[in-house]
Amino acid sequence: MQSTRARTTVYYLILWLVAILFFLPVFWILMASFKTPNDILAVPPKFIFQPTLSNILDMLSRPNTVPYFINSLYLSITSVSLAIVVSFLAAYALSRYKFRATNFLMFLILSTRMVPAAAFVVPIFQMFNAFQWRNQFGVLMLYTMFSIPFSLWILKGFIDGVSTRYDETGFVNGASRLHVMFRVVLPQVRPGLIAAFIFNLIFVWNEFLLNFILGGPGTQMIPYALAVGLVSAGGNIDWAFVASLSTGYVLLPTIMIFLFQKYLLVGMTFGTVRGEV
Amino acid sequence: MIAVELQNLAKRYGRKQVLKNVSLTVESGDFMVVFGLPASGKSVLVRLLTGLETPDQGRVILRGADVSKLSAGERNIGYVPQSFALYPHFTVRQNISYPLDLARVPKAEIEPEVQRVAGLLGIQELLDRKPDQLSGGQKQRVAIARGLIKRTDIYVLDDPLVGLDFKLRERLIDDLKRTQELLKVTFIYTTSDAVESLMLAGKIAVLDAGEIVECGAPETLYANPQRVQTMHHVAFPQANLTPGMLRQQSGELLVETPLSCMKFDGERPEKPFGDIQIGVRPEHIRIGAPPADGWLTHQAKVLLREDLGGEEIVYLDVNGVVLTTVLRSDDQTQQHVEIDQIVRISIPPQQMVVFQEGRRIGVCKISE
């Protein structure tokens with residue numbers, strides 16, 4: 001009895017240590033966004049300091065910061081929402097009408113995400129140039145497309161888990177296919193929808209390479225702003241700017257995960273994809 | 001009036017012919033039980049009847065009209081699916097009222113209907129719960145209520161009691177029988193359970209390997225089965241089957257089994273020789289001396305006893321053949337036995353039914 005409790009305490013101690021270790025860089029950034037530039041680089045690091053909002057105000061007053069945030073929010077939420085709609089319809093079809101090569105098709109769709117972005121960014125760039133898609137709509141479609149494979153995999157797993165007897169009970173009682181899809185199946189895969197939404201939202205929110213290469217003023221997102229604003233006019237790294245922008249940047253994923261961690265867990269265990277992105 | 005008529009239905013999945021030429025007629029107001037072992041094609045039959053799938057061949061006729069081309073929703077059938085299929089995101093009330101909601105019945109009319117069927121099945125106090133707060137038996141009642149609320153005259157229940165415990169099944173069997181008699185509607189009910197079939201049915205159709213081999217009232221099927229599957233499976237405990245040979249000797253037909261050689265009693269079959277099966281119901285095998293002349297008697301060793309309280313199932317080894325018999329505990333005329341005891345058994349030969357190629361051809365008769 002005594003030894004079990006001691007062991008549990010040790011386990012928790014280790015877990016807390018590891019968690020804190022992982023959290024330290026985030027903590028440093030969060031603190032730095034409220035420090036003066038001198039305090040940020042002070043040695044030894046200052047834990048007690050006079051907090052200031054000047055970094056954040058400075059960051060927000062720079063001409064493009066607010067558009068970057070708006071772009072990030074708009075592109076990620078819109079593209080992932082579109083992707084979820086398309087994926088749900090596709091997942092229902094693939095789950096219920098058992099096409100001949102469903103598994104191969106599923107593999108093909110997922111294979112688009114097996115290649116690193118660096119490998120296809122140049123052909124995509126050329127294609128987007130040729131078709132004149134290097135605008136907000138083009139980038140939106142690209143992100144939608146890239147959010148579909150994981151969403152489809154997660155949702156197909158969830159819909160497969162909903163017995164076709166639910167559909168059939170609806171049909172026998174006179175329900176239409178659309179009714180069955182949206183009123184019978186959809187409410188039962190809500191955790192899958194949320195899990196797919198969060199996974200892909202974080203992917204698009206963090207995406208940098210394609211955004212950097214393809215983007216224009218209408219599409220540049222926060223990671224781009226971080227990269228471009230990293231070095232100040234004098235050639236030094238502008239830690240105050242980086243820290244305050246990063247603090248704003250981690251806000252959305254943090255809130256999302258905090259609110260929906262239950263679904264995230266369900267998504268990771270019930271869906272076919274386990275903890276990707 | 002004929003409520004349901006299935007004409008020459010056939011269905012194949014890939015290489016597997018699941019249903020071959022199934023025809024079945026159900027009178028209006030009948031309780032028709034389609035009995036079949038697992039994988040005999042019961043569920044496919046239900047799917048074709050309800051319109052969830054189209055047959056490769058044959059027609060489905062409901063209330064005198066050919067509905068083969070109509071979708072499931074247009075056939076107006078009340079449906080209780082296998083394994084409940086209650087919508088987890090609905091309350092019990094919403095689940096039960098679902099068929100009426102879909103039919104756009106005015107809200108004011110729905111609530112009294114829900115109360116009525118809930119009362120019928122004794123689940124009024126569960127209406128505000130969610131399905132995951134119910135026990136298996138309660139879920140089943142809700143599923144049945146959802147099937148019954150539909151305003152129609154034909155209801156299809158696809159093995160609704162499968163997986164429920166014995167006591168619960170018995171209660172639901174009573175409820176179902178009572179409900180059907182009360183509503184005077186047509187029930188088509190599939191099951192793989194012999195007791196359920198015999199207790200519920202107005203008529204039983206025996207489905208075996210995609211064919212309806214026999215159809216009739218339960219008493220008739222039990223007393224006078226024409227097919228070996230019927231005799232063997234539509235009974236509890238199952239009927240004994242032993243292999244045998246039909247042989248001709250000096251103009252007489254003989255039935256040879258590991259137990260004995262008897263005369264054949266019945267019309268001379270087309271093929272008066274070859275492999276046969278002999279069926280005997282457990283209750284016709286008596287432990288002890290024969291009460292009358294003309295019985296077959298044999299030595300047997302007691303292998304196992306299963307005490308069911310009111311009765312006891314005894315497994316006997318008779319010349320290498322295992323036979324079961326039933327002893328009623330209160331029957332003073334029967335001898336009680338212990339395991340490994342050697343006993344004498346007697347069987348009336350007219351209860352030994354001879355099947356050739358699965359069909360009844362006659363019974364046995366003792367040779368003097």
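Student: How many bridges pair strand E11 of chain B with strand E14 of chain B, and in which sense do they run?
Tutor: In this predicted model, strand E11 (residues 240-249) and strand E14 (residues 274-280) of chain B are joined over 7 bridges, and the pairing is antiparallel. As one point along that pairing, Met245(B) stands opposite Asp275(B) in E14(B).

Student: Which barrel do E11 and E14 of chain B belong to, and what is its strand order?
Tutor: They belong to a barrel that 6 strands of chain B close in the order E11-E12-E13-E21-E20-E14, with antiparallel pairing. On average, and with direction ignored, neighbouring strands of this sheet are turned by 45 degrees against each other.

Student: Staying with E12, where does Glu252(B) lie?
Tutor: Glu252(B) is part of strand E12 of chain B, which covers residues 252-256.

Student: Buried or exposed, then, for Glu252(B), and why?
Tutor: Glu252(B) counts as exposed because 10 other C-beta atoms lie within 10 Å, and the cut-off for exposed is 12 or fewer.

Student: And how far apart are Glu252(B) and Phe264(B), in sequence and in space?
Tutor: The two are 12 residues apart in sequence, while their C-alpha atoms are 8.0 Å apart in space.

Student: OK, the open sheet next. What is the strand order in the open sheet of 5 strands in chain B?
Tutor: The order is E15-E19-E16-E17-E18, and the pairing is antiparallel. Strand E15 (286-287) and strand E18 (321-328) of chain B are the edge strands, each of them pairing on one side only.

Student: How is E19 of chain B joined to E15 and to E16?
Tutor: E15(B) and E19(B) run antiparallel and are joined by 2 bridges, whereas strand E16 (residues 296-307) and strand E19 (residues 342-347) of chain B pair over 6 bridges, also in the antiparallel sense.

Student: Which residues stand opposite Ser346(B) or Ile342(B) of E19(B)?
Tutor: Ser346(B) is the bridge partner of Arg286(B), and Thr297(B) also stands opposite Ser346(B). Further along E19(B), Ile342(B) has Lys301(B) opposite.

Student: Let's switch to helices. How closely do the axes of H3 and H4 in chain B come, and at what angle do they cross?
Tutor: The axes of helix H3 (residues 107-121) and helix H4 (residues 136-148) of chain B come within 9 Å and cross at roughly 135 degrees. That angle is why H3(B) is described as oblique to H4(B), and the crossing is right-handed.

Student: Which residues make that contact, and of what class are they?
Tutor: From H3(B) the contact takes Val117(B), Ala118(B) and Leu121(B), and from H4(B) it takes Arg141(B), Ile144(B), Ala145(B) and Leu148(B). By class, the contact has 6 nonpolar, no polar and 1 charged residues.

Student: What about H1 of chain B, is it mostly covered or mostly open?
Tutor: Helix H1 (residues 42-50) of chain B is mostly covered, with 8 of its 9 residues buried. Lys42(B) and Arg47(B) are among those buried residues, along with Val44(B), Leu45(B), Val46(B), Leu48(B), Leu49(B) and Thr50(B). Just after H1(B) comes Gly51(B), which takes a positive phi of about 90 degrees.

Student: Zooming out, what is the secondary structure of each chain?
Tutor: Chain B has 8 helices and 21 strands, while chain A has 13 helices and 0 strands.

Student: How much of the contacts is between residues 24 or more positions apart?
Tutor: Among contacts with a separation of 6 or more, such residues account for 66% in chain B and for 77% in chain A.

Student: Last one: how many residues of chain A and chain B are in contact, and which helix of chain A gives the most?
Tutor: 13 residues of chain A are in contact with 18 residues of chain B. Helix H8 (residues 164-172) of chain A gives the most to the side of chain A that touches chain B, with 6 residues. The residues on that side of chain A divide into 6 nonpolar, 5 polar and 2 charged.

Key: Residues numbered from 1 in each chain as written. Chains lettered and ligands numbered in written order. Predicted model: local features only at pLDDT ≥ 70, side-chain atom pairs only at ≥ 80, totals over all residues. Pairing = 2+ DSSP bridges. Helix = DSSP H or I, 4+ residues; strand = E, 2+ residues; numbered from the N terminus. Contact = placed C-beta atoms within 7 Å. Nonpolar A, V, L, I, M, F, W, Y, C, P; charged D, E, K, R; others polar. Buried ≥ 20, exposed ≤ 12 C-beta atoms within 10 Å, placed from the backbone. Axes fitted to C-alpha atoms, helices over the stretch in contact; angles between N-to-C directions. Parallel < 35°, antiparallel > 145°, perpendicular 65-115°, else oblique. Left-handed = near helix turned anticlockwise from the far one by under 90°.
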